[in-house]
Amino acid sequence: MPHFLSPTITLPNLPFKSGEYEFAYEAQCRADSHQSLILVRFWQNDTSHNESLPDEFFLRKVERPSKNNSIIKCEKSSKAQPTGIIKNAIKTLMEQQSNQHLITHNLNNNSPRQNLQSPFFKSVKYFLDFSQKCLIEVGFGSGRHLLHLAKSNPHLICIGIEIHSPSIEQILRQIELLGLKNLYIIHTDARILLEILPSCIAEGIYVHFPVPWNKKPHRRVFCKAFLQESLRVLDDNGVLHLRSDDEIYFRDALNLALSYKHINLQVQKNHKNAIVSKYEARWERQNKDIFDLKIFKTSSESQDSHMKSAKNAQNAEKNFNFDKILRKNLDNYTDFPYKKIAKDWFLHIDNVYCAGGVYVLTLCFGDFNQPQSKFLQISFCATYTTHYISGDPIPTKAAYLAHKHLIEFLNLADSTKVRSEV
Ligand SMILES: C[S@@+](CC[C@H](N)C(=O)[O-])C[C@H]1O[C@@H](n2cnc3c(N)ncnc32)[C@H](O)[C@@H]1O
């Protein structure tokens with residue numbers, strides 16, 4: 001986690017600009033005067049990369065009186081940014097310290113790889129209107145199999161979904177070196193992306209050596225909802241391919257699949273694949289059995305043709321705007337964290353941070369197994385504006401229901417009467 005540590009930290013007068021960075025404000029946590037969030041705007045130099053809006057993210061400042069020091073570090077919301085962008089932002093603030101007696105930092109090792117910006121690195125937003133035929137790999141890790149897919153299927157778009165940033169940075173570098181044009185990478189939970197993709201677009205979905213989570217099966221990628229969404233996203237005769245060294249995981253997945261009517265199944269044991277992934281090589285050395293489960297979608301499982309456009313329309317319908325928010329609700333409510341737990345979704349408002357007329361809510365919400373963490377900025381300065389930092393939530397059903405509840409909470413005539421429901 002990029003950071004620097006110093007006996008005291010003095011920020012320059014905000015807003016402060018330095019190169020591609022703008023440090024907009026420091027918002028103080030209302031419940032803990034030792035914690036604050038610093039909003040950073042990063043303006044891309046490369047005009048081909050993006051529209052003219054900056055990327056926004058937070059750094060966290062924590063004063064630790066018991067240890068006689070303070071720290072500035074990367075905040076959760078920044079994790080989707082390339083590490084180099086965050087490190088350079090923290091470094092800029094470190095260079096502003098006049099006391100010069102830094103205790104420690106980890107900002108030196110800033111290789112070009114960490115700064116990699118790539119046209120093949122896509123946001124969830126990009127996929128809201130996506131309709132091309134594709135192959136999808138979930139949790140590609142070292143990326144050997146995904147690169148092979150992209151090289152051998154130049155007529156198809158290949159999509160790699162990962163939650164591990166170093167794996168993403170590594171494969172983006174490979175895409176550049178190999179000159180591939182048909183491989184898109186996305187940093188998100190695969191279960192979330194599958195929910196928003198249109199129906200019948202994928203010829204194959206690959207899940208190779210997923211983490212078994214045998215003691216916490218609710219954390220598994222391959223679950224009932226994932227299988228259902230995969231069958232919806234697959235085109236007729238498309239295949240969902242699970243490859244695993246874990247027999248329990250394999251059997252659970254097979255049992256889930258058996259509850260579907262219109263599919264064909266193929267099971268193989270110790271079948272050799274053209275490409276041996278890093279994990280597979282490890283299991284091979286340990287002489288472990290490898291299990292393949294291939295689930296083919298038959299045409300009778302196919303959705304009506306209008307389903308495809310219906311899904312895109314459904315995504316567009318879920319707008320994450322806010323009407324006017326009552327400022328007194330933000331000023332009066334002190335009972336954070338606020339928690340609302342419903343049957344299929346939840347909303348957790350962790351805290352509120354303030355910088356003059358700007359309020360920042362730290363939120364976690366959506367589906368219990370795939371929660372989304374976001375910051376909501378509400379500004380009552382010259383013009384009233386509200387937006388989720390670094391873009392709207394991913395429009396899953398659970399996230400949308402949580403957003404609607406947040407609107408109710410912020411518009412309630414007297415929010416002090418609201419109590420968390422857990
Ligand atoms: C055990 S590794 C296997 C990597 C690769 N498929 C292979 O065969 O070498 C599992 C990978 O899945 C990724 N992963 C875990 N949960 C995920 C999720 N919900 N969505 C996307 N990727 C996930 C992890 O970050 C990790 O890289």
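Two strands count as paired here if DSSP finds at least two bridges between them, and strands themselves are DSSP runs (E, at least two residues), with helices being H or I runs of at least four residues, all numbered from the N terminus. By that rule, β8 and β11 pair in the parallel sense over two bridges, with phenylalanine 121 standing opposite isoleucine 185 in β11.

Before going on, a word on the model: it is predicted, so local features need pLDDT of at least 70 and side-chain atom pairs count only at pLDDT 80 or more, while totals for chains, interfaces and linings use all residues. Residues are numbered from 1 along each chain as its sequence is written, and side-chain values use heavy atoms, leaving out hydrogens and water.

Now for the whole protein. It has ten helices and 20 strands. Of its 422 residues, 51% are buried, meaning under 20% relative accessible area with a 1.4 Å probe and protein chains only. Among contacts (heavy atoms within 4.5 Å) with a separation of 6 or more, 69% link residues 24 or more positions apart. The accessible surface, from the Shrake-Rupley method with a 1.4 Å probe, is about 20,300 Å², and carbon and sulfur atoms own 50% of it.

Back to the sheet. Eight strands make up an open, mixed sheet in the order β8-β11-β10-β9-β12-β13-β15-β14. β8 (121-122) and β14 (263-269) sit at the edges with a single partner strand each, so one side of each has no neighbour in the sheet. Five bridges join β11 to β10, and the two run parallel; here glutamate 162 stands opposite histidine 187 in β11. β10 (residues 157-162) also pairs with β9 (residues 134-138), again in the parallel sense and over five bridges, and valine 138 stands opposite isoleucine 161 in β10.

Helices pack on this sheet too. α2 (residues 144-152) touches β9, β10, β11 (183-187) and β12 (202-208), and its direction makes about 165 degrees with that of β10. Such angles run from 0 to 180 degrees between N-to-C directions, using lines fitted to C-alpha atoms, for helices over the stretch in contact. α6 (residues 247-258) touches β13 (234-244), β14 and β15 (291-297), at about 20 degrees to β15.

What about leucine 194? This residue belongs to helix α4 (residues 190-196) and is buried, with a relative accessible area of 0%. Leaving aside neighbours within four places in sequence, leucine 194 contacts Ile136, Ile205, Phe226, Glu229, Ser230, Arg232 and Val233. Several of those names come up again in α5: Phe226, Leu227, Glu229, Ser230, Leu231, Arg232 and Val233 are buried there. That is seven of the ten residues of α5 (residues 224-233), so the helix is largely enclosed by the rest of the structure.

Finally, the ligand. Of the 16 residues around it, Gly139, Glu162, His208, Phe209 and Ser277 come nearest, where being around it takes a heavy atom within 4 Å. β10 and α7 (278-285) each supply at least two residues of this shell. As for polar contacts (pairs of N or O atoms within 3.5 Å), a polar side-chain atom of serine 277 lies 2.8 Å from a ligand oxygen atom. A ligand nitrogen atom is 3.0 Å from a polar backbone atom of alanine 190, and a ligand nitrogen atom is 3.1 Å from a side-chain N or O atom of aspartate 189. Taken alone the ligand exposes 590 Å², and the protein buries 88% of that.

Methods. Buried < 20%, exposed > 50% of the residue type's maximum accessible area, 1.4 Å probe, protein only. Polar contact = N/O pair within 3.5 Å; in protein donor to acceptor, adjacent residues only side chain to side chain.
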